[in-house]
Amino acid sequence: MRRTPSPNIISLYSSLAVAIFSTAIFLSISFIFFSRINIMDYVVFPLTIFSVTFFLFRFVLVRFIYSKIKIIYKTIGKPLKFQTEMRDGSNNVMKTVERDVAEWAINKNKQIRELRKMEQYRKEFVGNVSHELKTPIFNAQGYIETVLESDLTDHNFIKQYLEKANSNIERLETIVNDLLEISKFETGRIQLEKEPFDLVKLFKKVIFQYQHIAQQDDVAITIHSEENTIFVFADQKRIMQVLENLISNSIKYGREGGKIDINFYDLDEQFLVEIADNGPGIREEDITRIFERFYRADKSRSKKVGGTGLGLSIVKNIIEAHEQTINVRSEIDKGTTFSFTLQKYIPE
Ligand SMILES: Nc1ncnc2c1ncn2[C@@H]1O[C@H](COP(=O)(O)OP(=O)(O)OP(=O)(O)O)[C@@H](O)[C@H]1O
Ligand SMILES: [Mg+2]
């Protein structure tokens, strides 16, 4: 790597050159015009010239560099902390400046990349919202128009079409409510109502809710727990939403005749909960985006089972509002495991 010369080194070499050059001229003049060279001329003259020019060069250089560095630090918005080191012309200062500027450049690049990603995400999001809302609106509109254009005497026909229109409006309501909920989480407007409750009991309740769908797909759900009760301190209703989405996802996106295993691990102050299926899994490029709003890994399957792609986004928001973490790991053709932590309930 090329080393940046310090003001001291530059001044040293420059004043050496000036001293040698002016001594040579001085000696030549003395010799030509006065035909004498005093031993003192060899020593005193070059030393004087060297010292004077060295301090002069260094003073000018340091002032010049300092004024430039001040502008650099103003631009990068960092406080300039090394005024005294600067005055002795040491090389450390140049290294510090180089390092600070490089750090600033790296940070700026990162920010630009993130902003571009957010911009892209925002554009996609607006497109997704419009698309998701458009479908049920068009459907409901279609059914209502058909009813209006009919002779209005066939009550069974009217009822059937109005029910279809209604179910589309209900879907619209679900999407809008989900979006409002995510927005409330993101702006910190959700108040959690934490209480101690038994996680095993809550799991059993949710599994019971989804039992008929699991049976249809011949999926076996098993809770593996050495303890009969696992007490956590969290917002029970919100955690129920988490379990509902994770379990329904494992059934919907798992495989027919497959299995879902629920495990709990004791981590001192938290419990780690794992929900694992042996379904087709999620590709690596989808894994990083799975918690984004409207993101669906398997679009055709998701459409078929009626997913909007908002569930996992809500799940992540709920877990993070509890200051806990959620992760996913998956292997194609082996299965997917979602794991999240919850605060243990420790009675006083
Ligand atoms: N256990 C799983 N195995 C394979 N893919 C999964 C699994 N869980 C989620 N996914 C993928 O992640 C996507 C996002 O899931 P998410 O719960 O956010 O949406 P959804 O279930 O499609 O719709 P919603 O939950 O809003 O009704 C799904 O569409 C699916 O492609
Ligand atoms: Mg879901």
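These notebook entries record what I looked up in a predicted model.

**Ground rules**

I am working with a predicted model, in which local features need pLDDT of at least 70 and side-chain atom pairs count only at pLDDT 80 or more, while totals for chains, interfaces and linings use all residues. Residues are numbered from 1 along each chain as its sequence is written, and chains are lettered from A and ligands numbered from 1 in the order in which they are written. Helices (H or I, at least four residues) and strands (E, at least two) are DSSP runs, numbered from the N terminus.

**Entry 1: helices α1 and α2**

I looked at how helix α1 (residues 7–34) meets helix α2 (residues 39–76), and found that they pack at an angle of about 145 degrees with their axes 7 Å apart. Axes here are lines fitted to C-alpha atoms, for helices over the stretch in contact, and angles run from 0 to 180 degrees between N-to-C directions. The crossing of α1 and α2 is right-handed; a crossing has that sense if the near helix is turned clockwise from the far one by less than a right angle, and is left-handed if anticlockwise. I noted that the residues in the contact of α1 with α2 comprise 17 nonpolar, eight polar and two charged, where Ala, Val, Leu, Ile, Met, Phe, Trp, Tyr, Cys and Pro count as nonpolar, Asp, Glu, Lys and Arg as charged, and the others, Gly among them, as polar.

I then checked the span of α2, whose 38 residues reach 55 Å from first C-alpha to last, close to the 56 Å expected at 1.5 Å a residue; the expected span is 1.5 Å times one less than the number of residues. F57, R58 and I69 are buried in α2, a residue being buried if 20 or more other C-beta atoms lie within 10 Å of its own, exposed if 12 or fewer, and partly exposed in between, with C-beta atoms placed from the backbone. After α2 comes G77, with a positive phi near 65 degrees.

**Entry 2: helix α6**

Helix α6 (residues 199–216) has 18 residues and reaches 26 Å from its first C-alpha to its last, close to the expected 26 Å. L199, F203 and V206 are buried in α6, and the helix is followed by D218, whose phi is positive, near 55 degrees.

**Entry 3: the sheet**

I traced an open sheet of five strands in the order β2-β4-β5-β7-β6, with mixed pairing; two strands pair if DSSP finds at least two bridges between them. Because β2 (220–224) and β6 (326–331) stand at the edges with a single partner strand each, one side of each is left without a neighbour in the sheet. The twist averages 15 degrees from one strand to the next.

Strand β4 (residues 259–267) and β5 pair in the antiparallel sense over eight bridges, and strand β5 (residues 270–277) is joined by seven bridges to strand β7 (residues 335–343), also antiparallel.

Is Y265 buried or exposed? Y265, which lies in strand β4, is exposed because 11 other C-beta atoms lie within 10 Å. The C-alpha atoms of Y265 and Y345 are separated by 14 Å, although the two residues are 80 apart along the chain.

**Entry 4: positive phi in the loops**

D268 sits in the loop between β4 and β5, a hairpin with two residues between the strands, and has a positive phi of about 60 degrees although it is not a glycine. D268 is exposed, with 6 other C-beta atoms within 10 Å. In the loop between β6 and β7 I found D333, whose phi near 70 degrees is likewise a positive value in a residue other than glycine. D333 is exposed, with 9 other C-beta atoms within 10 Å.

**Entry 5: A140**

I located A140 in helix α4 (residues 91–149), where A140 counts as buried because it has 20 C-beta neighbours inside 10 Å. A140 and E193 are 53 residues apart in sequence and 37 Å apart in space, C-alpha to C-alpha.
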